[in-house]
Structure formats: C-alpha cells, structure tokens
Protein chains: 2
Amino acid sequence: MAAKRENGRKNDPQRTQEDILDVATEEFTTHGLAGGRVDAIAEKTRTSKRMIYYYFGSKEGLYLAVLERAYRKIRTLEEDLQLSNLPPEQALRVLISTTFEHDEANPEFVRLVSIENIHHAAHMLRSEAIRDLNVSVIETIAAILARGVAAGVFARKADPIDIHMLISAFCFFRVSNRYTFGTIFRRDLSEPATMERHKGMIADAVISYLKT
Amino acid sequence: MAAKRENGRKNDPQRTQEDILDVATEEFTTHGLAGGRVDAIAEKTRTSKRMIYYYFGSKEGLYLAVLERAYRKIRTLEEDLQLSNLPPEQALRVLISTTFEHDEANPEFVRLVSIENIHHAAHMLRSEAIRDLNVSVIETIAAILARGVAAGVFARKADPIDIHMLISAFCFFRVSNRYTFGTIFRRDLSEPATMERHKGMIADAVISYLKT
DNA sequence: CTTGACATACGCACTAGTTCGTACATTTTA
DNA sequence: TAAAATGTACGAACTAGTGCGTATGTCAAG
C-alpha cells in the first residue's frame with residue numbers, strides 16, 4: 001500500500017502485524033511454544049517487542065494468532081477442487097495427491113499441529129474457526145466413496161473419516177517425523193524420487209483397500 | 001532390590017534414578033523439553049533437585065536419559081517375535097498388530113519422538129544407541145516380503161522401509177495426533193471399537209496393496 | 001489550507017518473577 | 001575416616017510483560 005519513506009516512521013499496522021506473525025511462525029515452529037522466545041521474535045522483526053504485546057496481548061495470544069493464520073491459509077487452498085466430474089478412483093487419486101503435496105509444501109503447518117498435540121490441542125479448542133474446518137474434506141471423501149460403491153468400482157463400504165485418517169496419517173507423518181525417521185533409516189524423505197514413490201504408494205494402498 | 005527401612009535414609013541410587021526418570025518422562029511428555037520444569041520434576045520426586053544434577057548433570061542430560069530409556073524399553077519388547085514360521089500374510093498381520101498395540105500402549109514414547117522431531121532430532125543424533133535401533137524391524141519385513149513374493153501371495157515387490165513407514169505412520173499418527181484429530185472430528189480414538197476397526201484397516205490396506 | 005485535538009501506532013528501558021544450576025553442609029555406607 | 005549420596009538455600013541469567021514518552025495519521029474547526 002504505502003511506500004516506506006526514508007526519514008521518520010511510517011505507520012503500517014497491517015504490515016507490522018504480518019511481519020510479526022511471519023517471524024513468530026518461524027520461531028514457534030522451530031522451538032515450540034515454550035521454547036520460542038518473545039525477545040528473539042522481537043529482534044528479528046522490523047518492529048519492537050512492545051508492538052507484539054500491543055497487537056497480540058501475550059505470548060499465547062501471539063501463538064494463537066499464528067495458529068489461526070496457518071489454518072486460514074489452508075482453507076483457501078482446499079476449496080476449489082472440482083472432483084465431482086471425475087470418475088471415483090481418479091477423484092480419490094487427485095485428492096490424495098493434493099493432501100500429499102499440501103503437507104509437503106507446508107511443513108510449518110504440520111509442525112504447528114504437532115506442537116498443538118503436545119499441548120493436548122488446548123489452544124485449538126479455544127478457537128472455533130479452526131474446529132469447523134476440515135469437515136469439508138470429509139464430505140468430499142464421502143461423496144467419492146458413495147459414487148465408487150454405486151458404480152461398483154469400490155467393493156468396500158468404508159467410513160470417510162477413517163479413509164481421511166489413513167491418507168492424512170501417511171502424508172503428515174512423512175513431514176512431521178522427517179527428522180527421526182531420516183536419522184534412523186538414513187533416508188532423505190524430501191528427495192523428489194522418494195516423494196513420487198510415496199505419493200503413488202499411499203494412493204495405491206487406499207484404492208486397493210477400497211477395491212478389496 | 002533393597003527394601004526401604006523405616007528409620008533413617010537408605011541409599012538406593014538405582015531406585016532414585018528410576019524415580020527421577022519416571023517423573024521426568026511424565027513432565028517432558030506433557031510439556032515438551034523447553035516447557036518441562038526441573039523444579040517441577042524435583043518436587044514430584046522422592047528426592048531433591050540436587051540429585052537430578054548429581055546423576056544427570058543438566059536438564060538436557062536428563063532429557064537424553066529419558067529418551068534413551070524409552071527406546072531401550074521398546075527394543076526389549078520387539079525382539080522375541082517368531083514370525084518366520086507363519087505364512088507371509090499372517091506374519092505381516094501379526095507384525096502390524098504388534099506395532100499398532102505398541103504405539104497405543106506407549107503414548108509417552110510417541111510423544112517423545114514427536115518432541116524430538118520438533119527439535120530436528122538433535123538429541124537422537126548424539127545417541128548412538130538410538131540410531132542403531134529399528135533396523136531389525138526392516139529385516140523382519142524384508143524377509144516376510146521376500147517369502148510372500150516367492151510364494152506368489154504378494155504380487156508387488158515393495159521396499160521394506162516404505163512398508164514400515166506405511167504401517168508406522170498410521171499407528172503413530174493415531175496416537176500422536178489424537179488430540180487435534182479428536183477435536184476436529186469429535187471422535188475418541190482410544191475407544192475399543194474404533195481401535196479394532198483401525199487395526200483391521202491398516203492391515204487390510206497394506207496387504208491389499210502388496211497383493212495388487 | 002492551516003491548525004490543533006485526539007486516537008492509533010510505535011519504541012526505549014525497565015521490572016517482577018521465574019528457572020537452571022551450584023556452593024555448602026550433612027548423612028550414610030564401607 | 002574416606003567416599004558416595006543427599007538436602008537446603010541461594011544466585012546469576014533469562015524472560016514475559018509494562019510504564020511512559022514519542023511519532024504519525026485523521027478530521028474538524030477556523
């Protein structure tokens with residue numbers, strides 16, 4: 001919006017807040033909630049610590065803002081996916097691909113969710129915006145499964161939430177457990193060839209499961 | 001080993017250390033490494049903070065000891081599993097069942113691994129004991145897969161580490177993401193009926209994948 | 001179009017409380 | 001008595017949060 005002038009201050013609340021959230025996301029995802037330092041965030045910001053408290057009230061408030069922004073980002077990406085035209089099997093493959101690539105492309109989000117689980121999802125509980133999410137994915141899957149069963153391509157009547165979990169678990173784990181898994185098995189999970197193989201594997205596993 | 005006498009102190013270093021480790025495990029798994037408080041651990045212990053530093057040197061030293069003990073506990077459990085007598089498909093089902101139940105029975109372990117991943121597996125790297133683990137599982141899976149392919153029951157030549165990941169991801173995710181998943185989908189993952197269904201699902205998914 | 005009043009945006013430097021770690025004293029065991 | 005094990009009390013450093021003063025933008029009155 002407004003260009004930055006050389007001399008003197010230029011008020012730009014929106015940009016200041018975005019800047020704080022960017023830095024805070026980085027800090028929290030690499031050190032956790034308790035491990036993240038407000039002073040460290042302040043230092044890496046264009047602005048000061050005082051501003052963090054001015055806008056977000058507390059460390060927890062800042063963390064919650066980071067979490068909500070991360071979820072909001074996803075929602076926008078998940079929405080426009082036209083699957084009802086595709087045949088069931090192909091629709092499912094597209095959905096799985098999308099989930100896979102999404103987790104791969106958003107490790108900060110994956111890490112935030114991991115952190116939330118360590119804290120028993122305490123902050124998510126307080127945010128209605130977040131809870132109401134993800135439900136759309138279930139409806140999408142339910143529709144695909146129903147079409148598949150009706151068309152006779154899927155033999156098994158599976159629960160859509162279970163299927164979502166089967167897909168999500170694999171895609172999420174690849175990112176969330178990248179470091180321990182990589183260390184133990186000396187394997188780089190972010191290598192393109194490995195990624196492609198894994199993407200194919202989870203899709204084949206889900207589909208062959210449904211066909212049996 | 002040594003019984004506790006009523007009057008006066010009874011030196012029992014082993015027991016003291018075990019006690020500290022028990023409490024520390026609880027503290028770290030519920031608050032993370034940075035969030036865990038040494039003073040809180042000391043208070044819940046039969047002994048004092050001084051002893052924590054006497055035996056473990058530092059907070060990180062204590063954390064590492066907790067981590068190593070958790071891994072050691074697993075190794076002992078995983079060893080005696082006689083699968084080479086069973087037909088491949090059944091052997092795989094037993095292995096999957098074991099993994100599933102193991103993760104379910106050891107949420108502290110799952111949480112420690114999650115915490116390690118947030119810290120980029122930095123502590124695991126420094127512990128040789130931990131790195132050399134898990135390799136036996138891969139050999140077990142490799143043997144089962146080879147037998148299955150030879151016998152013609154498995155059509156697909158899969159990589160054992162990939163298969164381990166497919167299994168492990170699902171079992172791990174159910175426990176590690178219990179809170180966020182439960183919150184979003186209002187589903188209690190520790191319910192017996194749900195557990196049984198999921199255990200069957202992951203086994204069926206892996207096996208139908210290999211048969212395709 | 002200038003001036004001044006007021007709300008919002010911002011920064012410095014400080015405080016109160018916490019947290020890891022230790023010096024020192026003491027007890028138990030051998 | 002020496003060595004190992006343990007308890008108490010304290011300190012140095014860190015960390016979340018704040019008091020207070022300043023800059024900037026807006027809008028209405030002159």
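## First stop: a helix and its packing

Select the buried residues of α5(B), which pack against α6, α9 (135–151), α10 (160–176) and α12 (192–211) of chain B. These buried residues are P88(B), A91(B), L92(B), L95(B), I96(B), T99(B), F100(B) and D103(B). Here a residue is called buried if 20 or more other C-beta atoms lie within 10 Å of its own, exposed if 12 or fewer, and partly exposed in between, with C-beta atoms placed from the backbone. Helices (H or I, at least four residues) and strands (E, at least two) are DSSP runs, numbered from the N terminus, and packing rests on contacts, in which the C-beta atoms of two residues, placed from the backbone, lie within 7 Å. Helix α5 of chain B covers residues 88–105, and its end C-alpha atoms are 26 Å apart, which agrees with the 26 Å that its 18 residues should span at 1.5 Å a residue; the expected span is 1.5 Å times one less than the number of residues.

Before moving on, note that this is a predicted model, in which local features need pLDDT of at least 70 and side-chain atom pairs count only at pLDDT 80 or more, while totals for chains, interfaces and linings use all residues. Residues are numbered from 1 along each chain as its sequence is written, and chains are lettered from A and ligands numbered from 1 in the order in which they are written.

## Second stop: chain A as a whole

The C-alpha atoms of chain A fill a box of roughly 70 × 40 × 35 Å, taken along the principal axes. Of the 212 residues in chain A, 35% are buried, and among its contacts between residues at least 6 apart in sequence, 68% join residues at least 24 apart.

T29(A) is buried, with 20 other C-beta atoms within 10 Å. Leaving aside neighbours within four places in sequence, T29(A) is in contact with E108(A), R111(A) and L112(A). For a distance to draw, T29(A) and L62(A) are 33 residues apart in sequence and 13 Å apart in space, C-alpha to C-alpha. Other buried residues of α1(A) include I20(A), L21(A), F28(A) and L33(A).

## Fourth stop: where the chains meet

Show both chains together: the contact takes 42 residues from chain A and 41 residues from chain B. On the side of chain A that touches chain B, α1 (13–35), α6 (107–118), α7 (122–125), α10 (160–176), α11 (178–185) and α12 (192–211) each supply at least two residues. By class, that side of chain A has 21 nonpolar, 14 polar and seven charged residues, where Ala, Val, Leu, Ile, Met, Phe, Trp, Tyr, Cys and Pro count as nonpolar, Asp, Glu, Lys and Arg as charged, and the others, Gly among them, as polar.

Superposing the copies by least squares on the C-alpha atoms of residues with pLDDT of at least 70 in both, chain A can be laid on chain B with an RMSD of 0.1 Å by a turn of 180 degrees and a shift of 0.0 Å along the axis. That is the relation of a two-fold axis. Of the interface residues of chain A, 98% are also interface residues in chain B, so the copies meet through the same surface.

Next, centre on V206(A) and V206(B), which touch the most other members of the largest nonpolar core, a set of 102 residues. Such a core consists of buried Ala, Val, Leu, Ile, Met, Phe, Trp, Tyr and Cys residues joined through C-beta atoms within 7 Å. Beyond neighbours within four places in sequence, V206(B) is in contact with A205(A), L92(B), I96(B), I163(B), L166(B) and I167(B).

## Last stop: loops

Select R186(A), in the loop between α11 and α12 of chain A, which has a positive phi of about 45 degrees although it is not a glycine. R186(A) counts as exposed, with 9 C-beta neighbours inside 10 Å. In chain B, go to H120(B), in the loop between α6 (107–118) and α7 (122–125); H120(B) has a positive phi of about 55 degrees, again without being a glycine, and is partly exposed, with 15 other C-beta atoms within 10 Å.
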